[in-house]
Amino acid sequence: MNLQANAEDLFVLKVVQLAEILDVRHCCFIIGNPGAAKTTIWKVLAGAQTMGGMDTIYDIIDPKAVSADELFGCMNPKSKEWKDGVLSVIMRDMNKNNGPYKPHHKYKWIILDGDVDPEWIESLNTVMDDNKVLTLVSQERIPLTPPMRLILEVSHLKNATPATVSRGGVLFVNDSDVGWRPYFDSWIAGYKKSDDDVADSVF
Amino acid sequence: MNYMSMAQIFMGLAQTGSWGCFDEFNRISIEVLSVVSTQVKYCLDAIRELKLNPAKNMFVFMDFDEIFLRITTGFFITMNPGYAGRTELPENLKALFRSCAMVVPDIVKICENMLMSEGFTCAKDLSKKFMCLYDLSKSLLSKQIHYDWGLRAVKSVLRQAGGLKRAEPDILEDIILKRGLKDFNWPKIVVEDRNIFDGLIRDLFPNIVIVP
C-alpha cells in the first residue's frame, strides 16, 4: 500500500489512539473537519495491521447515499418479500465469512463514511451497545463477531442524540493535529526529482 | 416497523404469557403508534376480563383468529423522550401505560463497586477521584457534542482499567487508573481543552509518573 503519506508524529499518535480505541470498543467515531486526515488514519491502521500479520479487511458505505430501507433492507408490503439492504448484506457476510471475508481476517471493519442522521444511526443502537446485534425488520438478528468493528467517519455529531454518542468511542482529529504541512511535503516530494528547491523556500 | 410486525409481537407475548420490553419505543412512526395503542388496548381489556373470569382464556386480537391468553402477559416501554428523530407518544397510548421517570444514578457507588469487582483494593478513594475528574471535566471543558461523561463512558473506562490491572497486577492502582483515564479520554479532547484536562488529571493524581 502506498499512500504517499509522511509519518508525522502527531499523525502516528492518532493512528495508535485509533488502534487503542478499537481494542476496547467495537464501535468508534472518527470526528474531524474535511481534510483533517480521517480516512488516511484508518487506512494507515488497516495497512499497518495487515503488514503486521493481522489481516484487516474493510468495506466502506456512504449511509446517506441510500435510503434507510436500502441500507437495512425492507419488506415489500404487497408481496411480503424480503429485500436485503447494503449494511445487512455486508454484516451477514462478515458474520458468516462469506464472499471476500475469510476466517483468517483478524479484523473486519465496516466504515460508515457520511454524516450522521437519526434516520439510520438510531437503528444501529443495538449494534453499538453491549448487545452487539443488528436487528432487522424481518426479525433476523445478525450478531457482531469479535473481529468485526464499526467505524463511523463523520465531520460533526450535531444530529446525533446523546444515546448514540455515548455508545461509541470517539477519536477527535483537530485541524491542527495533522495540518497542511504533510500534504505539502508529500506533494513536493513528487517534484523533488526535478532539481528545484524554489518551492521549499517559498513556504 | 409496521403495525403488522407489532401485531405479531403482541400475539406472541399474549400466547406465551411473557413480558415484553420495547426499547426506544418512540422511534416508531406516529401512524404505527396509533394502531399500536389499539392493539395494547385489546390485550389489556382481555387481561382484565381474564382476571375477573379465569375461564375466559381466549380472546380475539384485532381481526385475527381467536388466540390463547395467559394472565402473566405484560408490556413495558423504555425510551428517551425529546431526542431528535423521535416521536411524541399519542395521548391514548400514554393513558395505557403507567409512566415512571428515572433519575441520574449515583455513579460514585456504581463506580466503586465496579472497581472492586475488577480487583482494585482501594476502590473507594479511586472512585471519588474518578467522579471528581468527570464532574470537573463536564463543567470546565468546552461544550462539545461528542464529549460524554455519563455512565456508559464510566463503564468502558473501568472495564479497560480492569484489563490493565489484570495484565499488570503489581503496579500501583493509582497509576493504572490514571493511565486508563488518560488513554481513554485523550483521543477525544479538542486542542483548546488539552491543557485543562491535563491539569485536572495531574491535580487528582499528583506525584504519579506514568511509565509507558
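1. In this predicted model, Asp45(B) and Arg48(B) sit three residues apart in helix α2 of chain B, and are therefore separated by about one helical turn. The two side chains form a salt bridge, with the closest N and O atoms 3.5 Å apart. Asp45(B) is partly exposed, at 30% relative accessibility, whereas Arg48(B) counts as exposed, with a relative accessible area of 52%.

2. A second salt bridge within chain B pairs Glu118(B) with Arg166(B), the closest N and O atoms being 2.9 Å apart. This pair links distant parts of the chain, since 48 residues separate Glu118(B), in the loop between α4 (107-117) and α5 (123-140), from Arg166(B), in helix α6 of chain B. Glu118(B) is buried, with a relative accessible area of 13%, while Arg166(B) is exposed at 53% relative accessibility.

3. Salt bridges that share partners join Glu122(A), Asp129(A), Arg167(A), Glu24(B), Arg27(B) and Arg86(B) into one network. Over all chains, the count of salt bridges comes to 19.

4. Glu122(A) forms a salt bridge with Arg27(B), in which the closest N and O atoms are 4.0 Å apart. Glu122(A) lies in the loop between α5 (118-121) and α6 (125-128) of chain A, and Arg27(B) in the loop between β1 (19-23) and α2 (30-52) of chain B, so the pair joins two chains. Glu122(A) is buried, with a relative accessible area of 3%, and Arg27(B) is partly exposed at 31%. Glu122(A) also meets Arg86(B) in a salt bridge, with a distance of 2.3 Å from N to O.

5. How many salt bridges are there between chain B and chain A? The count is four, and between these two chains there are also nine residue pairs in polar contact, with both residues at pLDDT 80 or more. On the side of chain B that touches chain A, at least two residues each are supplied by α1 (3-16), α6 (151-167) and α7 (173-185) of chain B. The largest share of that side, six residues, comes from α6(B). Sorted by class, the side of chain B that touches chain A holds 10 nonpolar, seven polar and 10 charged residues.

6. As for the extent of the interface, 27 residues of chain B are in contact with 29 residues of chain A. Chain B and chain A bury about 2300 Å² between them, and 54% of this area is on carbon and sulfur atoms.

7. Turning to the cysteines, the count of disulfides over all chains is zero. Cys111(B) is in no disulfide, and the nearest cysteine sulfur, that of Cys132(B), is 12 Å away. Cys111(B) is buried, with a relative accessible area of 0%, whereas Cys122(B) is partly exposed at 31%.

8. A last point concerns Asp185(A), which is found in helix α9 (residues 181-191) of chain A and is partly exposed, with a relative accessible area of 22%. Asp185(A) and Leu112(A) are 73 residues apart in sequence, and their C-alpha atoms are 29 Å apart in space.

Technical notes:
Residues are numbered from 1 along each chain as its sequence is written. Chains are lettered from A and ligands numbered from 1 in the order in which they are written. This is a predicted model: local features need pLDDT of at least 70, side-chain atom pairs count only at pLDDT 80 or more; totals for chains, interfaces and linings use all residues. Side-chain values use heavy atoms; hydrogens and water are left out. Contact means heavy atoms within 4.5 Å. Buried area is the accessible area (1.4 Å probe) that two parts lose on being put together, summed over both. A polar contact is a pair of N or O atoms within 3.5 Å; within protein, one must be able to donate a hydrogen and the other to accept it, and residues adjacent in sequence count only if both atoms are side-chain atoms. Helices (H or I, at least four residues) and strands (E, at least two) are DSSP runs, numbered from the N terminus. Ala, Val, Leu, Ile, Met, Phe, Trp, Tyr, Cys and Pro count as nonpolar, Asp, Glu, Lys and Arg as charged, and the others, Gly among them, as polar. Buried means under 20% relative accessible area, exposed over 50%, partly exposed in between (1.4 Å probe, protein chains only). A disulfide is a pair of cysteine sulfur atoms within 2.5 Å.
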